[in-house]
Amino acid sequence: MGLLQSKVAFVTGIARGQGRSHALTLAKEGADIIGLDLCEKLDSTVYPGSTLADLQETVRLVEETGQRIVAEVADVRDLPQVEKVFQRGIEEFGHVDFVVANAGIFASGKFWEIEPAAWQEMLDINLTGVWNTVRVAAPSMIARNQGGSIVITGSTESIKGMANTASYSAAKHGVTGLMRTMANELGEYGIRVNTVNPTCVDTNMIQNEGVYRLFQPQAETHTRESVAGAFASTNVIPVPWIEPSDVSQSILWLLSDASRYVTGAALPVDAGFTIK
């Protein structure tokens, strides 16, 4: 028996990276999955977007655990699209116990150089997308009257700002405030709301030339190996980045009964980044 046996989790951004890791971790602990991902490249990002093949691979891997999954292409910016996927999941599984609002993007630039469209895209996905995700799930969780747990993917930029991350930091700081308000509003229904706030995670979001240049702006060429030291220098524990599974295990704890009285918390999973 897993920690989440007979539970159902609604997870966004599941096609690859952290989202896939979260979905698989929860499935291995007995949860069925409702999931979605955009599966396309965004205008404001420099790294490749996820693909339909990525999403199908996540489906295959979840089903390999023996759990069921409902997963579709959808845009967290579009409330009706999110609602449609969620309702399909409810029709299949009957209820939802957990929400993991994970979908997000990263882009960089000095605040005065960010194009308005790129600024808006960041806020629409990283902040409004979180609101849309939890908004569609909360009413059914309240009506079921069985409590539940919601975890939102924040960032170290939810806690302290850094140069060249204005739009990302603004959105992620917004997520922290949204989480705390949701925790206050949902507490009476036994529903807990928290964020996890990772340092750099070893996914496409950081493993690209655009981010490498932020860490080594003077270098003409970059490789994963050449930038590792610069990444590690930002953390108290001198690792360049953490694994998606490190975040997934923290989410698993926040969803499980082991954290039954934890709500309104912004949990750093950051190798000490935010205290350095």
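**Reading rings, strands and helices**

Author: Six aromatic pairs are counted here, taking ring centres within 6.5 Å as the cut-off. Keep in mind that this is a predicted model.

Reader: Where in the chain do F106 and Y168 sit?

Author: F106 is in the loop between β4 and α4, and Y168 is in helix α5. The two are 62 residues apart, so this pair links distant parts of the chain.

Reader: Now the sheet. In what order do the strands stand, and is the pairing parallel or antiparallel?

Author: Strands of a sheet pair through backbone hydrogen bonds, in either a parallel or an antiparallel way. This open sheet has seven strands, ordered β3-β2-β1-β4-β5-β6-β7, and the pairing is parallel. The edges are β3 (69–73) and β7 (266–269). Each has a single partner strand, so one side of each lacks a neighbour in the sheet. On average, neighbouring strands are turned by 15° against each other, direction ignored.

Reader: How many bridges join β1 to β4?

Author: Three bridges connect β1 (residues 8–12) with β4 (residues 98–101), and these strands run parallel.

Reader: Which strands do α4 and α5 lie across?

Author: Helix α4 lies across β1, β4, β5 (148–153) and β6 (191–198). Its direction is at about 175° to β4. Helix α5 (residues 166–186) lies across β5, β6 and β7. It runs at about 160° to β6.

Reader: How do α4 and α5 pack against each other?

Author: Two packed helices are described by the angle between their axes and the distance between the axes. For α4 and α5, the angle is about 15° and the axes are 8 Å apart. Angles under 35 degrees count as roughly parallel, and α4 and α5 are therefore roughly parallel. Their crossing is right-handed. Residues of α4 in the contact include W119, L123, W131 and I142. From α5, they include Y168, V175, L178 and M182.

Reader: At what angle do α3 and α4 pack?

Author: Helix α3 (residues 79–93) and helix α4 (residues 116–144) pack at about 45°, with axes 9 Å apart. They are therefore oblique to each other. The crossing is again right-handed. On the α3 side, L79, V82, E83 and F86 make the contact. They meet N132, T133, R135, V136, A137 and S140 of α4. By class, that is five nonpolar, three polar and two charged residues.

Reader: And α1 with α2: how do their axes cross?

Author: The axes of helix α1 (residues 17–28) and helix α2 (residues 52–64) cross at roughly 15° and come within 10 Å. That makes α1 roughly parallel to α2. The crossing is right-handed. R20, A23, L24 and A27 of α1 face D54, E57, T58, L61 and V62 of α2 in this contact. Five of the residues are nonpolar, one is polar and three are charged.

Technical notes: Residues numbered from 1 in each chain as written. Predicted model: local features only at pLDDT ≥ 70, side-chain atom pairs only at ≥ 80, totals over all residues. Heavy atoms only, no water. Axes fitted to C-alpha atoms, helices over the stretch in contact; angles between N-to-C directions. Helix = DSSP H or I, 4+ residues; strand = E, 2+ residues; numbered from the N terminus. Parallel < 35°, antiparallel > 145°, perpendicular 65-115°, else oblique. Left-handed = near helix turned anticlockwise from the far one by under 90°. Contact = heavy atoms within 4.5 Å. Nonpolar A, V, L, I, M, F, W, Y, C, P; charged D, E, K, R; others polar. Pairing = 2+ DSSP bridges. Phe/Tyr/Trp six-rings, centres within 6.5 Å; stacked < 30°, edge-to-face > 60°.
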